[in-house]
Amino acid sequence: MPDNMSRPLIRVRGEGGASRHLEASVAEHGSPVIGILGTGDFSRSLARRLSASGYQVVVGSRTPKRSASLFPDEAEVTSQMEAANQADLLFIAVFPEHYSTLMELKPALAGKTLVDVSNGLRISHDGPSNAEQLADFFPESSVVKGFNTISAWTLQMGPRDGSRQVLLCSDNSKAKSSVMQLCRRMGFIPVDMGRLSSSLEIENIPLYLFPSWRIPILCTLLLFIFFYVYNFTRDVLQPYITAGKNTFYKMPIEIVNVTLPSVALVMLALVYLPGLFAAFQQLWWGTKYNRFPNWLDGWLSRRKQFGLCSFLCAALHVIYSLCLPLRKSARYKLLNAAFKQVKDGVQDAWIEEDVWRMELYLSVGIMALGLLSLLAVTSLPSVANTVNWREFSFIQSTIGYCALSMATLHTVLYGWNRAFDPAQYRFNLPPTFLLVLIVPLMVLLGRLALVLPCVALRLRKIRRGWEKSRHIRFTLPDEDCRNGLEDVSNV
Amino acid sequence: MPDNMSRPLIRVRGEGGASRHLEASVAEHGSPVIGILGTGDFSRSLARRLSASGYQVVVGSRTPKRSASLFPDEAEVTSQMEAANQADLLFIAVFPEHYSTLMELKPALAGKTLVDVSNGLRISHDGPSNAEQLADFFPESSVVKGFNTISAWTLQMGPRDGSRQVLLCSDNSKAKSSVMQLCRRMGFIPVDMGRLSSSLEIENIPLYLFPSWRIPILCTLLLFIFFYVYNFTRDVLQPYITAGKNTFYKMPIEIVNVTLPSVALVMLALVYLPGLFAAFQQLWWGTKYNRFPNWLDGWLSRRKQFGLCSFLCAALHVIYSLCLPLRKSARYKLLNAAFKQVKDGVQDAWIEEDVWRMELYLSVGIMALGLLSLLAVTSLPSVANTVNWREFSFIQSTIGYCALSMATLHTVLYGWNRAFDPAQYRFNLPPTFLLVLIVPLMVLLGRLALVLPCVALRLRKIRRGWEKSRHIRFTLPDEDCRNGLEDVSNV
Amino acid sequence: MPDNMSRPLIRVRGEGGASRHLEASVAEHGSPVIGILGTGDFSRSLARRLSASGYQVVVGSRTPKRSASLFPDEAEVTSQMEAANQADLLFIAVFPEHYSTLMELKPALAGKTLVDVSNGLRISHDGPSNAEQLADFFPESSVVKGFNTISAWTLQMGPRDGSRQVLLCSDNSKAKSSVMQLCRRMGFIPVDMGRLSSSLEIENIPLYLFPSWRIPILCTLLLFIFFYVYNFTRDVLQPYITAGKNTFYKMPIEIVNVTLPSVALVMLALVYLPGLFAAFQQLWWGTKYNRFPNWLDGWLSRRKQFGLCSFLCAALHVIYSLCLPLRKSARYKLLNAAFKQVKDGVQDAWIEEDVWRMELYLSVGIMALGLLSLLAVTSLPSVANTVNWREFSFIQSTIGYCALSMATLHTVLYGWNRAFDPAQYRFNLPPTFLLVLIVPLMVLLGRLALVLPCVALRLRKIRRGWEKSRHIRFTLPDEDCRNGLEDVSNV
């Protein structure tokens, strides 16, 4: 083995797909040697990527002869001890539960940089993290956590596809710097996440399943169930119980199509409600330097998700509505109406008011949809990246309130004068659109209140740093240098 | 104060949420100290981000005791003078109008790097910029402009969300390099914008409100108004004036739905018109080395925006069209037609020509929409980034002209033989589709002319660098090494 | 010329747009000098970008006096020899066929770094590449391949728009490092592609025209043609031949609208079929360490394209379906039905079963579309970048199979009991939906088989590295450290 160690190995493809070792000097003598312990999928992709980026790769395996065929020809596959000896920077790509089996390498790894690429099995908020355990096992080595957020797939395809950010942390800033440089040379973008205590959080990242979507989706579902049951009771159950009319065929489409826009409008109003809460709280406190309660903070940071849920419901409502005339039931009803009109000898069925109501509420609805689509497109990350803060604020705030107003008007026009028709209060339940309008109208009124000159002026002062308790403060140069456009609760 | 300066401070959370200062040695001795002057939102987010990236942060405040509670525990909050003394690189996060209050720090800041993060209050094209004013105040410091395009929000969330580019400029390249390195370590991508004279432009960037969209949106609006008035006159006013027929109910939907496709088609043609102008101008000049007039340059660079406006109109036209059968007016008309058919005893109302016209123009319209959707999707920044120049050119040029041809054909099929029907010339106004077809047909004919072998060959020669005035030039190796695919006016 | 060489030149704008050379000392003495040989579009954009990034640029031209006016004022335009003498790093921006004309510069270029930015004229898989030819001409210089994937347009606009990745390769790692640093300073992200032998591939990249889309699009087209002819035969030809009924008007819309969903469903099933093949093959082999055959590998890596083709067909199917009631033919048929109903004296045409079938299959279809839209949105690169592997796998696998099940159910509900109606077997051809259902049902059954506990357990073991042939292996620490979520064939 010593003679092996003194000379680097490269492997060449033999005949018939087999490969054999050939002792030869590596062409690129100067390139640094990177070690990998472990021979799983991730190791193989990593080896390929490192080789492509001009590094010499040495893989440490328990069974080097059997593992060799799995690796690219440029990588040297050898024993774990030899890999530990050859490289100054090693990726530890073995299961965390097997870290202890690496103890025999302890002397060889002393003073070297170890990169822990492992993921946790489940989300954990109590340490120690895998990386901290590794650091405990090898106190004389410098442990850097990282690359666990990168998939073997991304490594293999190169960073052209998929995310390119590599989150790193370590207690040793020199080791961290060298891993950051390695990242950059592989085409990734390293992000310094600070000290090794951040490793628990970094290990959790790949395990999350849409954490910021949980509450918005739950909210959408609950609203959907509530409105569905409400509409079902009014539109299907009531006619069945009071008049024995069988309209259960309405369940898959018509009831859904009344429920969806209700959910969409309430969810859209919920996007703008927390911003109003925040503004009124700031006005009440007379300062912007108090922290919002946690529930409000959480709500503010999930407005995008609420908005997208609202858009999804609105888009489905459009599709459902457009499908209405395709249905057999619509066809039969139309034919029966034609039959009745002929029997009754009515030459012209035209009712001017009905025509106008429908034309107006359809056209307002389409405009609301158009504005919501603009909002949805600009919440795509790549589009959001191309607009500056002022443009983002204009779209999300100005266009957003326009969309909310349009959608509210759409609902009001749909309701027309039905709110005053006693026949609509079946089972004493008010028409759905009345319930739906409560939150949006509150939000629009609240917003109007904030636009009143006296309120608006005070709020602007507060957001530039003025405080009720110490008026003198505004004249000091301690303030923020930015012109207040980007206040988080402003959007 | 001297004893304070000699020992770094860290703060620890005390009991009950309160925090107090503790004299202690910082664990990470080696990490560089970054100063921040100012205590606004941006300062706080910056302090958090710098701490997370492994820097020691010292914040200079006029009122350090009161400000301390607003900052993360890892940051030291002290007097401005002390911050200026401790750090070699300082962020100046105070309002530009208060720069003069920092004059007392002048000796302490000499030889140090100052990062100006301020924004202007309004777009300005005359200097001096804030950064240049700062450089005037502190001639012995090196001023770097930057980070003003990054929001406090992006800083706080880390660069995983939002744009990651940090535009920097400075007259001192060493200072600039150190800020670039700092950027990278925070996970941002620094972009060198050259000397400090670029700072005015950098300060303007966050103030722009969709500058490249202004003309395309104005153009869309003007076309919309023109065609809306034209259609209103022909379809509503004329029947009302000549026959007293009240068809004002058509205003919200039907007139809009004739206007939108007109705007969409003309706007789509306007996407391809400037490319033709450019090509013909190059043919006329016999060289590609002359500059285009400014209006043509501006038009060429806004084609994407024209195209997206066209797509928006086309998409709205689709929604409006699909909503047509939902309307009460459509229902009443159908019922009345059924009544009439029964009264007249017509068993089969089928008119083969009408059926074919409608089937054809609908199917061609859907194809045009499909192609336009492909164009719209590939103009999303993240999709555009994954295609190479040849693919981009194929989509925008080949697919784009197909979409234009389809949309033109859709309009021609809609018109069918109405152009030759005198009854269509109400008030002597020709049918709308005739007006609409002028520009698209011109563009398609112009494009056909460029495809003629003799013209195409000459144009290709010109775009590879050939010039009419000096034929010899083409044989010199001074030419562009790329094969002409990416000519800007080619797309 | 020697006196020229000793002093750097800058040019200033003279009166009337003319420009003249002025001997002056450059303000930024310390900035490195970058040379560019060639004066094409790319050279000019490069010169502008390099100047903006703080470099001194010297352009070597055969005709420096004439070329000077084409370059920004900050760049010095001089003879090729002088440029070669002044700069240590030179971009070679001349046509590859003219490389030989640079031979006279050989002594001046010795020991310097040459960046080859050329593209090939056509895709080539046999060397030597342009960069290798350049390296042959100048064996004493270090050749770096790169920047050919960046368009002059991107260079000119700065890397804010378009892709920012610059693929580089070279046999000299020091030269490569200096070019990488230059890239970063210009705001690009360099990606190290290894040794100069990769240059052929890098030169091919800008020439590819959607290579990964070829097979999926071909597949879509073939399926479309097959189903179109099949439906045409059954729905148009058979009635015409057997009953003389002219229904050719169905060709542009109705036949297309039966064909599109067929293609969409089969394509969607083809997205999930290769994953099943892979899983069954792994179960059969008893290991995941065997390579899949090439056709399966290719299929697995093109699933996204298959899925997007399927989505496009599904979306077009929706538009076509929604257009159905707009058609004159639908109107005439409805009027005739009303006439008939009146003549027959049928007061109520309602058929409960038909109504339910239609309501159900429409609502299931809309849900399938909603799920497919989610899949399509998450395959946008910028969205895919924001989700972690677990989330991506959840969407593509769980949501994907839900969409497939929904779409299959949609088709089954459309078919209803027609499969058992002999009248549907025109020309002895079974109804289309029966053919369409074969592949999706196979995929769903295959997936169900994999969910059986005994099979699922074995597969999970295999994917964590267990092998049938050596049971002991699982206990060794040689395994992958990741928890198997990201297995490529899992999605």
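This report walks through how the chains of a predicted model are arranged and how they meet.

Let's start with the overall relation between copies.

| Interface | Residues in contact | Buried area | Share on carbon and sulfur atoms |
|---|---|---|---|
| Chain C and chain A | 73 residues of chain C, 80 residues of chain A | about 6900 Å² | 63% |
| Chain B and chain A | 81 residues of chain B, 74 residues of chain A | about 6900 Å² | 63% |

**Where chain C touches chain A**

Between chain C and chain A the count is one salt bridge. The side chains that form a salt bridge here are those of Glu359(C) and Arg327(A), with an N to O distance of 3.3 Å. The interface of chain C and chain A also holds eight residue pairs in polar contact, with both residues at pLDDT 80 or more.

Which elements build the side of chain C that touches chain A? Those giving two or more residues include strand S9 (165–170), helix H8 (173–185), strand S10 (189–192), helix H13 (303–323) and helix H17 (389–415) of chain C. Helix H16 (381–384) of chain C is also one of them. The largest share, 12 residues, comes from H15(C). By class, this side of chain C has 38 nonpolar, 14 polar and 21 charged residues.

**Where chain B touches chain A**

Across the interface of chain B and chain A there is one salt bridge. Here the side chains of Glu359(A) and Arg327(B) meet, at 3.3 Å from N to O. Eight residue pairs are in polar contact between chain B and chain A, again with both at pLDDT 80 or more.

On the side of chain B that touches chain A, the elements that each supply at least two residues include helix H2 (41–52), helix H3 (64–67), helix H7 (152–157) and helix H11 (251–285) of chain B. Helix H14 (328–344) of chain B is among them too, and H14(B) gives the largest share, 11 residues. The residues on this side of chain B divide into 43 nonpolar, 22 polar and 16 charged.

**Annotated regions of chain A**

An unreviewed UniProt entry lists residues 34–120 of chain A as "domain: Pyrroline-5-carboxylate reductase catalytic N-terminal". In the model, residues 34–120 of chain A are 31% helix and 25% strand, and the end C-alpha atoms lie 24 Å apart.

The unreviewed UniProt entry also gives the annotation "transmembrane region" to residues 205–230, 263–285, 306–327, 360–380, 392–413 and 433–459 of chain A. What is the make-up of residues 263–285 of chain A, helix or strand? The chain there is 100% helix and 0% strand, with end C-alpha atoms 33 Å apart. Residues 392–413 of chain A are likewise 100% helix and 0% strand, and their end C-alpha atoms are 30 Å apart.

Technical notes: Residues are numbered from 1 along each chain as its sequence is written. Chains are lettered from A and ligands numbered from 1 in the order in which they are written. This is a predicted model: local features need pLDDT of at least 70, side-chain atom pairs count only at pLDDT 80 or more; totals for chains, interfaces and linings use all residues. Side-chain values use heavy atoms; hydrogens and water are left out. Contact means heavy atoms within 4.5 Å. Buried area is the accessible area (1.4 Å probe) that two parts lose on being put together, summed over both. A salt bridge is a side-chain nitrogen of Lys or Arg within 4 Å of a carboxyl oxygen of Asp or Glu. A polar contact is a pair of N or O atoms within 3.5 Å; within protein, one must be able to donate a hydrogen and the other to accept it, and residues adjacent in sequence count only if both atoms are side-chain atoms. Helices (H or I, at least four residues) and strands (E, at least two) are DSSP runs, numbered from the N terminus. Ala, Val, Leu, Ile, Met, Phe, Trp, Tyr, Cys and Pro count as nonpolar, Asp, Glu, Lys and Arg as charged, and the others, Gly among them, as polar. UniProt positions are given in the numbering used here, feature names are shortened, and annotations may be inferred rather than shown by experiment.
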